[in-house]
Amino acid sequence: MALIPKETIDQVLHYADIVEVVGDFVTLKKKGQNMWACCPFHHENSPSFSVAPAKGIYKCFGCGKAGDVVRFIMDVEGASYPEAIKWLAKKYGVEIKEEERTPEQQLAQNERDSQFIISDWAKNRYRMLLQESDEGESIGWAYLKERGLNQATIEAFELGYSLDKWDDVLTEAQKAGFDVKYLEKTGLVIKREEDGRRYDRFRGRVMFPIHNISGRVVGFGARTLRRDDKAGAKYLNSPESEIYHKSDVLYGLYQAKQAIRQEELCYLVEGYLDVISLAQGGVKNVVASSGTSLTEGQIRLIARYTDNITVLYDGDAAGVKAALRGLDIILENGLNVRVVLFPDGDDPDSYIRKVGDARFRKFVEEQSQDFITFKTQLVAKEAAQDPVKKAEAIREVLQSIAKVPDPLKRQVFLQQTSMAFHIDEQVLISEYNKLVKQTAPGPRNAGSSGNSGGSRSGSTATRPQSTGPNAPSQTVVTPQGLSQQRPDDAMPDEAYGIMEDEVGEESDTVPDIQVAVEREIVRLVLNYPAQPLHEGVSVAAYLLGQTDETPFRTPIYADLLHLCRETLAAGRFPDARELVRHNRADIRAAISDLVTDPWELSPNWITHSIYVPREIDLLQQACDNAILRLNKCNVERELGDCLEAMNQLDPSNIDEYLAQMAIYKSLKQLDMQLAGLLGTIISR
């Protein structure tokens, strides 16, 4: 990875105009102080995507995507941070001068660059042979035409052909001045151990270039066309290399990424021709695992563009097993998954060629099943009337449900499974909790307290990192839909499953009013950090000073306040433009939410000479009000704790009871004083 100096990055960020950059991808229209458009990350009919030019931040109030100009390029192009900086530098004419690298770093970069260059050269060689050589036209081109592919599709996927010769690529690459070692490193050429002879890996095959997310060729898939080649593999892929890691690449994603965003859905198939045939038929939001087992790296690639995956697999036994293998890994990464199985003997490629584009789409729409319905029907059919097999089938389904990070979805799936197997839901929940506790990694502290994994709030957990094939979600869900990962030894029992009674208060729930108050304090700090109050002290210094010994209970706002405190301690005012570049997605989203308001004052108020005071004119009142409300929330919580302590006291212990009563009266008096102050402020 190139080392870009901080000064260069600062220069890029100085010149980059978020309105210009976003305007390259969507049509922005001014409304009030902000610019609005239909979101480029999900399909919508009315604009909910906002760009705040003054703050340099974008925010979609529909899908929640948010960040600064660099994050926008990362999201829309699927680029890394350095790639996004280079994209912006090129747009604004900023020269990227890489810092001096060690000889080892330079050598490593040269090695990768050389492999990219030789792979691109090979792609062009194969394309030329397909279209201009007699063998390519008579064999390769004829095969692709037979599969129903037109020239535009062949060009779009840069398909090619390798001559049925031992050394075509080897000889031509050497003529072009390429070092043989890079042919070997990329797997284009093989060196035989016995005699050191080198020969082409791909011979007499249709070539499918495999692109990474930015469009660079990293490897090849190749299909044999020799009818007498019974010993060789039908498909042959490039080996692993410094630039090609099968577990982190999806065939067709480079071509499909925009369509996946627009459709808010990714179709996942097995083979190269499945992708190409569907794309030609208008189903462009499709990628393939290229015959390899689905990996977390591949799922994370899809998750950059959508949370929704529909798996399209063959209807034979192998296809069913492949679908089942892929389901769990998709589930444990928090994505929504559906399944479509084609009639036995068909795959997506053969079926769309058989029935046509329109009937194919109709079939997929009608046959699409959510994963729980698919798996339940499958295992229930296999279990038939055998009670033992039925019990095992239920456990199989529960194992998949345990991988779903979202507690609300887990609850729905358990209800669905209960109905499918005609088994009491409470029995199923009890079995689920036993299963999850058995498969939970690491020791558990049964005495710990915490939020239940079965929150009734409908919150969605962040995607946890699994530690094994049966690892359950270890996400503690807060009422705000944010989550924190706890260490294994601090996990409460409840966080491993769904509470069986599903009633009563959670042990560590933050009241809504406290969440709102903590949010308001952070919002004021981020929006008006340097604004002076009555005594000349800044908003940031005043609010951070007032809350210095008052820890926030809402995790995301506690983290944001800590970041603001660190910034102020370093001698700078907290700046949303800077903080929104944080590597945590929940922090970026929260900051964007706090500094971006979907509502703006109508200009009609000014037109009709109606004065409406601005928030900035009432900042002292807003800050005082927020601190008083926070104090009142804390006092009310202490009152509740005091009452609970009194209820648990031994009635015969009069002295301790009177001591607690004195504390309660003192807290109650303070609570009334705070209420009075709040009433005074509000009535002004």
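Tyr 251 and Tyr 272 are both buried. In this predicted model, the whole structure contains 23 aromatic pairs, and these two tyrosines form one that is edge-to-face.

**Aromatic rings**

- A pair of aromatic rings is described by the distance of the centres and the angle of the planes.
- For Tyr 251 and Tyr 272 the values are 4.7 Å centre to centre and 80° between the planes.
- The pair links distant parts of the chain, its members being 21 residues apart.
- Tyr 251 lies in the loop between strand S11 (235–237) and helix H10 (253–263), whereas Tyr 272 belongs to helix H11 (residues 272–280).
- Elsewhere, ring pairs join Phe 25, Phe 41, Phe 49, Tyr 58, Phe 72 and Trp 87 into a cluster.

**Lysines over rings**

- Phe 41, a member of that cluster, has Lys 65 over its face at 5.5 Å from the ring centre.
- Lys 59 is placed over the face of Phe 61, at 5.9 Å from the ring centre.

**Nonpolar cores**

- The largest nonpolar core comprises 44 residues, and Val 287, Ile 330, Phe 371 and Ile 401 have the most contacts inside it.
- Leaving aside neighbours within four places in sequence, Ile 330 is in contact with Leu 268, Leu 294, Ile 299, Ile 309, Val 311, Leu 335 and Val 337.
- A second, separate core has 42 residues, including Leu 278, Ala 279, Val 283 and Leu 312.

**Helix H22**

- Buried positions in H22 are Pro 555, Ile 556, Tyr 557, Leu 560, Leu 561, Leu 563, Cys 564 and Thr 567.
- Just after H22, Gly 571 adopts a positive phi of about 90°.

**Gly 187**

- Gly 187 is situated in the loop between helix H9 (180–185) and strand S7 (189–191).
- Gly 187 counts as buried because its relative accessibility is 1%, and the cut-off for buried is under 20%.
- Apart from neighbours within four places in sequence, Gly 187 is in contact with Arg 201, Phe 202 and Pro 239.
- Gly 187 and Glu 240 are 53 residues apart in sequence, with a C-alpha to C-alpha distance of 8.1 Å.

Methods: Residues are numbered from 1 along each chain as its sequence is written. This is a predicted model: local features need pLDDT of at least 70, side-chain atom pairs count only at pLDDT 80 or more; totals for chains, interfaces and linings use all residues. Side-chain values use heavy atoms; hydrogens and water are left out. A nonpolar core is a set of buried Ala, Val, Leu, Ile, Met, Phe, Trp, Tyr and Cys residues joined through side-chain atoms within 4.5 Å. Buried means under 20% relative accessible area, exposed over 50%, partly exposed in between (1.4 Å probe, protein chains only). Contact means heavy atoms within 4.5 Å. Rings of Phe, Tyr and Trp (its six-membered ring) pair if their centres lie within 6.5 Å; planes under 30 degrees apart count as stacked, over 60 as edge-to-face and the rest as tilted. Helices (H or I, at least four residues) and strands (E, at least two) are DSSP runs, numbered from the N terminus. A charge sits over a ring if NZ of Lys or CZ of Arg is within 6 Å of the ring centre and within 35 degrees of the ring normal.
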